[in-house]
Amino acid sequence: MDIKSISFFFLVLSFISNNLFAAQLSAVAIAKSELDARAEALRQLAESIQVNVSSQTLISSQFKDDVATQELVDTVKTSSNLTLLGAEVYVMKTKQGYRAEAQLDTEQSFNLYLTKIKAEQVLLDTQISSYKKQSTNLAKFTLANELTPQLSSHIKNYLLATMLAVKPDPNQGEQIKAPVWMQDLANKNQWLISLNNFLDALATSDITDPKLGAIMLVKDISQEGIFTCPIFQENGSWLSKS
């Protein structure tokens, strides 16, 4: 994929009223194909909001003519896995190929994320209530594994919405109050911590339920066609909960 990218983003402050403003984020990319130009522009736009950075250092040694040399090569990669709600891409044909500009209105995107968050909140609250009613580790383990990735995604949407939130004008001198939904964010974050702690404690505990033990044994195995058998005690009897 041959891409010449122009990686930048800017804020255009457009005052909506005396105390509110919206921001326009933009990123531009040029590529030989329309699809590549669109993808690169969206990637640049996402990285202007949240970016993952990874680095790697390679050391190469060479011995020649009784002389030893070493070379250090540092590689830094950036990536982003954000799905931007409300992003629009405009493409035009150029002599170099295609020029794509991705734009995001932060106020519009914030409202879209808030709608998504409210829908997720109803589902998660129902699942958490169901988790509280469970009495066996097997049932809790099953629900905890379903809830943890959903909670992680939900919290990520919350944090992104916080960054996109329309803010009061500081010149107004009014006290800034945390939105009501920030309380739910703290609650969901605490639940994520509690569920992870439960799963960690369960993984290091003595499992007496054969079905739970079998499920935990193959939890991170993607290979199909694996069969498990309950553990036998020394006298040959099946291990069971006493």
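A residue counts as buried when its relative accessible area is under 20%. That cut-off is used in the legends below, which describe a predicted model.

**View A. The whole chain, from end to end.**
Of the 242 residues in the chain, 27% are buried. The chain holds 5 helices and 8 strands. Read from the N terminus, these elements follow the order β-β-β-β-α-β-β-β-β-α-α-α-α. Consider the contacts in the chain with a separation of 6 or more: residues 24 or more positions apart account for 63% of them.

**View B. The largest nonpolar core.**
This core has 43 residues. Leu-84 and Tyr-131 have the most contacts inside it. At least two core residues come from each of these elements: strand 4 (24-31), helix 1 (34-47), strand 8, helix 2 (106-133), helix 3 and helix 4 (181-203). Helix 3 gives the most, with 11 residues.

**View C. The surroundings of Leu-84.**
Leave out residues up to four places away in sequence, and Leu-84 touches Leu-42, Leu-45, Ala-46, Ile-49, Leu-104 and Tyr-113.

**View D. Ala-102 in strand 8.**
Strand 8 spans residues 97-105, and Ala-102 lies in it. Is Ala-102 buried or exposed? Its relative accessibility is 0%, so Ala-102 counts as buried. Not counting residues up to four places away in sequence, Ala-102 touches Leu-25, Ser-26, Ala-27, Ala-41, Leu-42, Leu-45, Glu-88 and Val-89. Ala-102 and Val-91 are 11 residues apart in sequence, and their C-alpha atoms are 8.8 Å apart in space.

**View E. Helix 3 packed with helix 5.**
Two packed helices are described by the angle between their axes and the distance between those axes. Helix 3 covers residues 137-164, and helix 5 covers residues 210-217. They pack at an angle of about 25 degrees, with their axes 9 Å apart. Angles under 35 degrees count as roughly parallel, so helix 3 and helix 5 are roughly parallel to each other. Helix 3 passes helix 5 in a left-handed crossing.

**View F. The residues between helix 3 and helix 5.**
Which residues make the contact? Helix 3 brings Asn-137, Leu-138 and Phe-141. Helix 5 brings Lys-211, Leu-212, Ile-215 and Met-216. By type, the residues of this contact split into 5 nonpolar, 1 polar and 1 charged.

Definitions and conventions. Residues are numbered from 1 along each chain as its sequence is written. This is a predicted model: local features need pLDDT of at least 70, side-chain atom pairs count only at pLDDT 80 or more; totals for chains, interfaces and linings use all residues. Side-chain values use heavy atoms; hydrogens and water are left out. Axes are lines fitted to C-alpha atoms, for helices over the stretch in contact, and angles run from 0 to 180 degrees between N-to-C directions. Helices (H or I, at least four residues) and strands (E, at least two) are DSSP runs, numbered from the N terminus. Angles under 35 degrees count as roughly parallel, over 145 as roughly antiparallel, 65 to 115 as roughly perpendicular and the rest as oblique. A crossing is left-handed if the near helix is turned anticlockwise from the far one by less than a right angle, and right-handed if clockwise. Contact means heavy atoms within 4.5 Å. Ala, Val, Leu, Ile, Met, Phe, Trp, Tyr, Cys and Pro count as nonpolar, Asp, Glu, Lys and Arg as charged, and the others, Gly among them, as polar. Buried means under 20% relative accessible area, exposed over 50%, partly exposed in between (1.4 Å probe, protein chains only). A nonpolar core is a set of buried Ala, Val, Leu, Ile, Met, Phe, Trp, Tyr and Cys residues joined through side-chain atoms within 4.5 Å.
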